[in-house]
Amino acid sequence: GGLITLPRLPSLATGGGGPTRVKVGTLSIPNVAVGTINWGADSPQVENYERISRGQFFDTAERYSTSPLVGLGMGWGTTEMQFDDKIGSAIVGTKFTPTPWRKKSSDVVEAALRSCERLGVDQIDLYSIHMPDIFSKPGSELDSVYWDGLVECVNRGIVKNVGVSNYGSTLLTAAHKHLAKRGVKLASNQIHYSLLYNDKSEQVRLTGEKLGVKTFGYFGLGMGLLTGGYSKYYIMKHLKDYGLSASDGYNLGEVDATMPTRKKNGNNGRSVFEMNDLTKYAATSNVDALVAEMVKVAIKHKKTVAQVAVNYCVSKGVVPIVGVSTINQFKSNLDAGGSWRLDSEDILRLESVEVAKFEGAGFKRAEGKFVGYGEKSWVLD
């Protein structure tokens with residue numbers, strides 16, 4: 001056979017430095033946050049990340065668990081415990097989960113104190129309500145009771161900043177007003193935001209911008225769909241159809257280097273339900289056409305497809321929370337924020353590809369949470 005050309009790996013130095021920093025309430029954080037939802041008992045320790053780049057922002061929650069039974073509501077607090085006394089210069093945000101039995105503002109305070117204990121801190125940098133109250137009868141929701149709990153946490157010095165999560169424009173505006181009346185600034189709102197889910201989310205981001213509330217985005221990599229891993233095999237077999245062949249000016253090695261090769265039968269720590277949903281979506285949504293355009297943008301900037309997906313969020317003024325379970329992923333995310341940005345031509349190219357809206361997979365949904373007592377959902381409006 002002929003010579004095998006090794007893929008030319010995108011240079012990690014291009015576009016320079018680590019992420020630039022952004023203001024969230026009183027905090028100054030990197031423009032890409034570290035997600036801990038998939039951390040297991042053997043994930044790298046916090047200090048390993050901090051050694052590489054100090055002052056990282058870690059996003060966690062009381063209901064995140066290192067237990068495989070997290071879908072059944074088991075093992076609450078075990079992810080927070082990974083931080084115990086190891087925080088150092090890291091900045092950590094955690095969240096309060098509404099449940100059918102939490103009905104008083106003092107429940108928020110009590111939960112915050114427990115989170116402090118597990119995290120090993122005297123004060124939480126950012127404390128958020130994880131989702132709207134979806135358990136009470138319509139008309140008697142307890143959202144404002146939880147907001148009062150946040151106010152009390154601030155007044156007692158238990159938390160430095162407060163936020164919300166999965167709030168649409170209506171609820172976000174109400175929360176902002178309620179807190180402001182009591183002298184507390186709403187710092188952030190965390191929602192699903194990615195190239196696969198940006199119409200509703202963009203409206204919510206704009207509302208936040210008007211109110212001075214920073215938007216965090218989760219699922220920025222579309223649970224792996226926007227790394228190119230699910231589409232790579234098909235794209236590499238049909239380069240000409242996607243305008244990525246040698247006659248289009250692309251070299252096979254550089255196209256290959258922009259996307260990870262999925263291990264055969266590898267599920268990347270995802271459940272069977274999630275894998276089924278992701279594989280089905282990848283086959284039917286036209287996401288391959290989007291990934292092919294992302295490959296072109298990635299080659300132009302000497303980045304990977306995943307880094308383009310993350311930088312898309314950053315370029316839109318969102319702080320993406322990217323799940324990290326290895327040090328290499330962490331380094332890649334640092335460079336995805338960097339000081340480089342997609343230009344308006346790149347953004348137009350990516351946003352003009354028609355793709356089916358991605359709602360999530362398995363029990364992880366954009367507008368619902370499976371919390372151990374059935375699937376509950378809300379609407380992001």
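Good morning. The structure is a predicted model, in which local features need pLDDT of at least 70 and side-chain atom pairs count only at pLDDT 80 or more, while totals for chains, interfaces and linings use all residues. Residues are numbered from 1 along each chain as its sequence is written, and side-chain values use heavy atoms, with hydrogens and water left out.

Let me begin with the barrel. Eight strands form a closed barrel in the order β3-β4-β5-β6-β7-β8-β9-β10, with parallel pairing. On average, neighbouring strands of this sheet are turned by 30° against each other, direction ignored. Some terms are needed here. Helices (H or I, at least four residues) and strands (E, at least two) are DSSP runs, numbered from the N terminus. Two strands pair if DSSP finds at least two bridges between them. Axes are lines fitted to C-alpha atoms, for helices over the stretch in contact, and angles run from 0 to 180 degrees between N-to-C directions.

Individual pairs come next. Strand β4, residues 57–59, runs parallel to strand β5, residues 91–96, and three bridges join them. Within this pair, F57 stands opposite I91 of β5.

Further along, strand β8 (residues 186–192) pairs with β9 in the parallel sense over five bridges. Here K214 in β9 is the bridge partner of S188.

On to β9 and strand β10 (residues 319–323), which pair in the parallel sense over two bridges. F216 has V319 in β10 as its bridge partner. How many of the five residues of strand β9 are buried? Four are, so that strand β9, residues 214–218, is mostly covered; buried means under 20% relative accessible area, exposed over 50%, and partly exposed in between, with a 1.4 Å probe and protein chains only.

I turn now to the helices. Helix α4 (residues 143–155) lies across β5, β6 and β7 (159–165), and runs at about 160° to β7. The axes of α3 and α4 come within 7 Å and cross at roughly 50°. The two helices are therefore oblique to each other; angles under 35 degrees count as roughly parallel, over 145 as roughly antiparallel, 65 to 115 as roughly perpendicular and the rest as oblique. Residues making the contact (heavy atoms within 4.5 Å) include V108 and A112 of α3 and Y146 and L150 of α4.

E274 lies in helix α9, residues 272–284. This residue is buried, with a relative accessible area of 7%. Leaving aside residues up to four places away in sequence, E274 touches M223, A361, G362 and K364.

Most residues other than glycine have a negative phi. N166, however, has a positive phi of about 65°, and N286 has one of about 75°. N166 lies in the loop between β7 and α5 (169–181), whereas N286 is found in the loop between α9 and α10 (287–301). Is each of them buried or partly exposed? N166 is buried, at a relative accessible area of 1%, while N286 counts as partly exposed, at 35% relative accessibility.

Thank you for your attention.
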